[in-house]
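Work through the exercises below with the sequence and the structure at hand. Try each task before reading its solution.

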Amino acid sequence: MASRPASASTRPPVSPLPRTVNTQTTVLDTAHGRILCIADIRGRLSALNDLAREAGAQAIIHTGDFGFFEASSLEGTTISDRTLRHLTQYSPLIPTTQRTHLLAPSNPPSFIRSTMSISLLSEFPLLLSGTLKLNVPVYTVWGACEDVRVLEAFRLGTYNIENLHVLDEACTRVLDVGGVKLRLLGLGGALVGHKLFDCGEGRATLAGGHGTMWTTALQIGELLDTAQRVFDPTETRVLITHASPGREGLIAQLALATKADLTISAGLHFRYASSWNEFSTQASHAGFREKLLAGKTAFFQVWDAVRPQVEAVMDAGQRVLMDKALSVAERVPEDGQAGQTQGGALEEPAWKNCWNWNLCDAAYGSLVMEVREGRVSAELKSQGFNYAYRRSATGAGGSVQTPTTSNAALPPASTSLTANLNNSTSNAPTKAPTPAPQVQVDATNTTTNTTSPTSTTAEKAEKEKEKAEREKAKKKEKKERKEKERTESAKGDTPTSKAGDKAPTATGGTPQSTGTPTLPESASASFSEGGGGPKSPIGTPTKKQRNPWTIFIRIPPSASSGVGEKEIKALFGELEKEVQRVHLPVAYPGRPRVCYVEFLDEESMRRGLAGCAREIGTGTGEGQTQTPIEVKQATDREARNEHQHPGGSGGRGTGSVRGRGRGGGAYAARGFAAAGLTRGGGHFRGGHGNGGSGGGSVGSGTGGGGAASGAGAGES
């Protein structure tokens, strides 16, 4: 990160800019006063008088999304389609039925634009014309969705509304109430990192466009300049922002630089308002410092990227403001004993003394600051969440039901399943029911008129055992079916079951490829007798064969970050259009990223193999590097194992080609079978004990079944 020049740290506290700060002092009540703080009124300005009357407030502080729109804001593309849809969705001036109709997915943006009128968007024109008047002073900043041209009219003095004060980086106000002078400093707009040095359609330091507004670095610098010009140690400083200092480190740094005692913000749109200070939310001062460092890092990342272009167009006054903005971004307490000075170990005062409020929308709650005899007290009111739905919600995963909820009847269990479960669990101890669940069950059963002789705990344990037995049976059935499928596709003939039982065959002596496979009788019998579950009349569908015209790519871990289908296709250049499918298995940290690229036929795969790049770029810009990658035709597991262990079988298992543990699969065998060929004239399964006995010795070994060494590959 580039360092600022040394002269910046010796900057004079008083700005050399030839301007006068726009400041006024309003005396509300010298003995006692109440200030209503709200956010996101969203154009329903007539509600301001009602809210002030209900709270007994003498003034209102508003933190953004005020509704600065007029009729011309809807003309042309002043508001983008996306922003207009957002305003339509959240405007409190639109009836619910009309909103639902406008936001229907079938309605294009042009329909919303042609239907919307300024009366559905904001009551600001009524305020501007004098039809609507504010009964108490309102101090507001602009939010993320406002018309920048309206705010420029206030800045130029074209618009002037009684009791409406727009706070910005050049305008500040003082409220003298209850023996306290509250200095109001305001910063409007959303904080968007990549727009800090972009003014959009705005003039001077105002920034915005297409119905949105955001904060710029020059605004931050000018606000600090304003705060330094009007600094008075007898005042209590209140920083009013749309962005939250709790989430944005740069706003927290601004609060430190302006020596704010209180901050009021919005922008998070929660149903509860928040009240905190950094000491109450951070485990240590180091945590607070980390948040500020994150804001500093984010700011200077953008600044270092745009610095040459920005410095080329700045004038002398803007350079002063930019230096002040840079000083805000560098406002981070020292490491170790943070905030220490050479004269003594003095903590940063804001660490414990600066208090923050983040407000919910005006429709959901508010903050009232009551000032009396120099003390500022706070009353927070929030609509909050509605948890009533939990009383009628159906519990998932065996959760406890309320007495008003009826128990659904369980389906009757089959006789064989019940017998098996009784045999397997007859000796298992059951947990005695506790008093509280028993009362719950009795109350529920009384309500639903369905009694049970066993306790809830015993029933739950029995259900869990039934579920475990069913899962075990399903796994065993699936395993038996896979064994049969591999045998059928490898031999190319109808397999015979164990113990001489006949299995169903297809005409022509070939395995059934389109029908539903069934279990051999012996397998079904063993599943029914020992597995503890019922027989299933429906088999598992035949597994889909892989595309043989596939290219395998392995990318080192250092270059695998962010690699997706688009980046993989780009490796083939002009041949990208011949790629049929890109399969990216799950990537694990620290391991190479592998992918499979499928083609329509062998010819296109050969072209792709020849034209695929052998390096992939990592990084961006001048720091981009090329990392070698592995590109080859994809092979199946047993082909790779034959290359490593000639004549061997699939490893440990029952003696089949694939094996039951480590080893190869039956991918190539299925391919040969589909082509009308068979591989290894002997029995691929190899019986129960010997690994690969038969006409051609696929593997040798006894007992364990299928060792990794063998003499031959079998007859073709």
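**Exercise 1.** Find which residue of β6 stands opposite Asn-22, and describe how β1 and β6 pair.

Solution. This is a predicted model.
Step 1. Opposite Asn-22 stands Cys-171, a residue of β6.
Step 2. Strand β6 covers residues 171–177, and its pairing with β1 is parallel, over seven bridges.
Step 3. Strands of a sheet pair through backbone hydrogen bonds, in a parallel or an antiparallel way.

**Exercise 2.** Give the strand order of the open sheet that contains β1 and β6, and name its edge strands.

Solution. 
Step 1. The seven strands run in the order β1-β6-β7-β10-β11-β13-β12, with mixed pairing.
Step 2. β1 (22–29) and β12 (274–276) pair on one side only, so they are the edge strands of the sheet by definition.
Step 3. From one strand to the next, the twist averages 20 degrees.
Step 4. Helix α8 (residues 217–229) packs on this sheet and touches β6, β7 and β10; its direction makes about 160 degrees with that of β7.
Step 5. Helix α9 (residues 249–257) packs on the sheet too, touching β7, β10 and β11, and its direction makes about 160 degrees with that of β10.

**Exercise 3.** Is Glu-370 buried or exposed, and which side chain does its own side chain contact?

Solution. 
Step 1. Locate Glu-370 in strand β14.
Step 2. Its relative accessible area is 16%. The cut-off for buried is under 20%, so Glu-370 counts as buried.
Step 3. The side chain of Glu-370 makes a polar contact of 2.8 Å with the side chain of His-32.
Step 4. Leaving out residues up to four places away in sequence, Glu-370 also touches others, including Gly-33, Arg-34 and Arg-375.

**Exercise 4.** Which residues of helix α1 are buried, and what covers them?

Solution. 
Step 1. In α1 (residues 47–55), the buried residues are Ala-47, Leu-48, Asn-49, Ala-52 and Ala-55.
Step 2. Their cover includes β2 (32–38), β3 (59–62), β4 (138–140) and β14 (365–372).

**Exercise 5.** How many residues has the largest nonpolar core, and which element gives the most to it?

Solution. 
Step 1. The largest nonpolar core has 32 residues; Leu-48 and Phe-66 are among those with the most contacts inside it.
Step 2. Elements that each supply at least two residues include β2, α1 and α6.
Step 3. The most comes from α7, with five residues.

Notes. Residues numbered from 1 in each chain as written. Predicted model: local features only at pLDDT ≥ 70, side-chain atom pairs only at ≥ 80, totals over all residues. Heavy atoms only, no water. Buried < 20%, exposed > 50% of the residue type's maximum accessible area, 1.4 Å probe, protein only. Helix = DSSP H or I, 4+ residues; strand = E, 2+ residues; numbered from the N terminus. Contact = heavy atoms within 4.5 Å. Polar contact = N/O pair within 3.5 Å; in protein donor to acceptor, adjacent residues only side chain to side chain. Pairing = 2+ DSSP bridges. Axes fitted to C-alpha atoms, helices over the stretch in contact; angles between N-to-C directions. Core = buried A, V, L, I, M, F, W, Y, C linked by side-chain atoms within 4.5 Å.
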